[in-house]
Amino acid sequence: MEQLMRDFFLFLSKNKTLTKLAKQYGLRFGASRFVAGETIDDAVRVIRQLNEKGLAVTVDYLGEFVDNEREANEMARHCLEAIEAISREKLNSQLSLKMTSMGLDISDDLVMRNMRRILDVAKQRGVFVTIDMEDYSRCQKTLDIFKQLKKEYDNVGTVLQAYLYRTEKDIEDLKSYRPNLRLVKGAYKESPEVAFPEKKDVDENFKKIIKQHLLNGNYTAVATHDDAIIEYTKQLVKEYNIPNSQFEFQMLYGIRPERQIELVREGYTMRVYVPYGTDWYGYFMRRLAERPANVAFVLKGIIRK
Ligand code: FAD
């Protein structure tokens with residue numbers, strides 16, 4: 001049943017008609033629990049509230065299915081606006097973005113142009129930028145672009161997914177770049193030819209790559225809501241005397257907010273991923289796919305309206 005629901009919401013997340021409808025009808029149906037709002041001012045307000053609680057942030061201007069140059073340039077403009085806001089408002093926030101929204105499906109030249117525009121300004125303003133990882137078909141291209149950019153900029157990082165068989169090898173391949181990596185379980189529907197189908201194998205591989213990347217001496221963001229993985233990381237860093245300055249925990253906005261604060265109180269860096277923008281529909285559907293309890297929460301919200 002759980003697998004059926006997951007597949008259903010992942011299917012809905014890719015539906016272009018529903019994405020357009022969602023844009024027209026605003027942040028309804030409980031999405032505001034997971035999305036800061038539609039404008040940069042909404043995002044600034046939420047980031048400030050989180051910062052006041054001791055939480056660091058990475059902010060993401062939502063955008064999917066970008067298939068023309070004008071839209072990709074517009075997405076880059078929104079990223080620049082977010083960087084300027086972080087700097088102007090003195091917020092403790094990084095930026096996250098997706099390669100497809102910068103034009104990955106259009107041309108390499110366009111992505112590189114948009115990324116350099118963003119990273120130049122981000123560097124000047126002291127803002128770190130993380131390239132989110134999307135589905136498997138874009139993984140190699142994303143890593144190739146990341147490697148190129150990492151040679152030119154020190155304020156860029158990316159994400160690796162524990163559900164992919166290839167990730168252990170990717171960590172070794174990237175080792176010499178001394179990358180700042182966010183490690184996650186992985187949010188897309190992938191074939192068993194490329195990804196572990198069983199959750200327990202994903203969890204085991206997650207632990208393996210956390211250890212591998214930390215022991216390589218590289219900065220590691222452990223992005224999960226899973227207490228077993230968080231506990232594993234805490235024990236590991238204790239055992240190997242890894243300082244708190246070499247890693248952080250990350251969670252999504254609206255998910256386990258009390259646990260986020262607890263981790264701050266325990267002395268860890270806790271970064272919250274805060275999405276905003278009008279294109280919130282696909283992101284929202286992936287959150288519903290992850291956890292049926294989120295669906296119950298949203299349904300209660302709709303009934304109350
Ligand atoms: P799960 O296996 O989903 O959950 C494990 C346990 O966490 C649950 O059993 C439960 O105990 C607890 N839990 C989970 N949700 C809740 C809740 N709502 N309330 C209470 N307890 C809960 N994926 C990508 O593919 N690419 C990316 O670039 C990417 N970036 C991310 C950035 C951040 C900051 C985070 C946190 C996730 C990102 N993800 C990304 C998503 C990630 O891949 C997973 O899909 C998502 O984090 C769910 O996996 P999990 O590790 O939380 O564990």
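**Exercise 1. Find where E38 lies in this predicted model, and decide whether E38 is buried, partly exposed or exposed.**

Step 1. Next, take the relative accessibility, which is 27% for E38. Buried would need a value under 20%, and exposed a value over 50%. E38 therefore counts as partly exposed.

Step 2. Now look across the chain. P275 is 237 residues away from E38 in sequence, yet their C-alpha atoms are separated by 9.1 Å.

**Exercise 2. Work out which way the side chains of β5 point, and how β5 pairs with β4.**

Step 1. Recall a rule: side chains in a regular strand alternate between the two faces of the sheet.

Step 2. Apply it here. L181 and L183 point one way from β5, while R182 and V184 point the other way. All of these residues are buried.

Step 3. Turn to the partner strand. β4 (residues 156-161) pairs with β5 in the parallel sense, over 4 bridges. Opposite L181 in β5 stands T158.

**Exercise 3. Describe helix α8: its span, its buried residues and what covers them.**

Step 1. α8 (residues 199-215) has 17 residues. From first C-alpha to last, α8 reaches 24 Å, close to the 24 Å expected at 1.5 Å a residue.

Step 2. The buried residues in α8 are V202, D203, N205, F206, I209, I210, Q212, H213 and L214. To read such a list, remember that an α-helix has 3.6 residues a turn, so residues three or four places apart point the same way.

Step 3. The cover over the buried residues of α8 includes α7 (167-174), β5 (181-184), β6 (220-223), α9 (227-239) and β7 (247-252).

Step 4. After the helix comes G217, with a positive phi near 85°.

**Exercise 4. Repeat the description for helix α5.**

Step 1. With 18 residues (108-125), α5 reaches 26 Å from its first C-alpha to its last, close to the expected 26 Å.

Step 2. Its buried residues are L110, V111, M112, N114, M115, I118, L119, V121 and A122.

Step 3. Among the elements covering them are α4 (69-88), β2, β3 (129-131), α6 (139-152) and β4.

Step 4. G126 follows α5, and its phi is positive, near 70°.

**Exercise 5. Which residues come nearest to the ligand, and which polar atoms lie by it?**

Step 1. There are 24 residues around the ligand, and M133, K185, G186, T224 and H225 come nearest.

Step 2. Check the nitrogen atoms of the ligand. A backbone N or O atom of M133 lies 2.8 Å from a ligand nitrogen, and a polar side-chain atom of R182 lies 3.2 Å from a ligand nitrogen.

Step 3. Then check oxygen: a ligand oxygen atom is 2.8 Å from an N or O atom in the side chain of K185.

Step 4. On its own, the ligand has 960 Å² of accessible area, and the protein covers 82% of that.

Notes: Residues are numbered from 1 along each chain as its sequence is written. This is a predicted model: local features need pLDDT of at least 70, side-chain atom pairs count only at pLDDT 80 or more; totals for chains, interfaces and linings use all residues. Side-chain values use heavy atoms; hydrogens and water are left out. Helices (H or I, at least four residues) and strands (E, at least two) are DSSP runs, numbered from the N terminus. The expected span of a helix is 1.5 Å times one less than its number of residues. Buried means under 20% relative accessible area, exposed over 50%, partly exposed in between (1.4 Å probe, protein chains only). Contact means heavy atoms within 4.5 Å. A residue is near a molecule or strand if one of its heavy atoms lies within 4 Å of it. A polar contact is a pair of N or O atoms within 3.5 Å; within protein, one must be able to donate a hydrogen and the other to accept it, and residues adjacent in sequence count only if both atoms are side-chain atoms. Accessible areas come from the Shrake-Rupley method with a 1.4 Å probe; for residues, only the protein chains shown count as cover. Two strands pair if DSSP finds at least two bridges between them.
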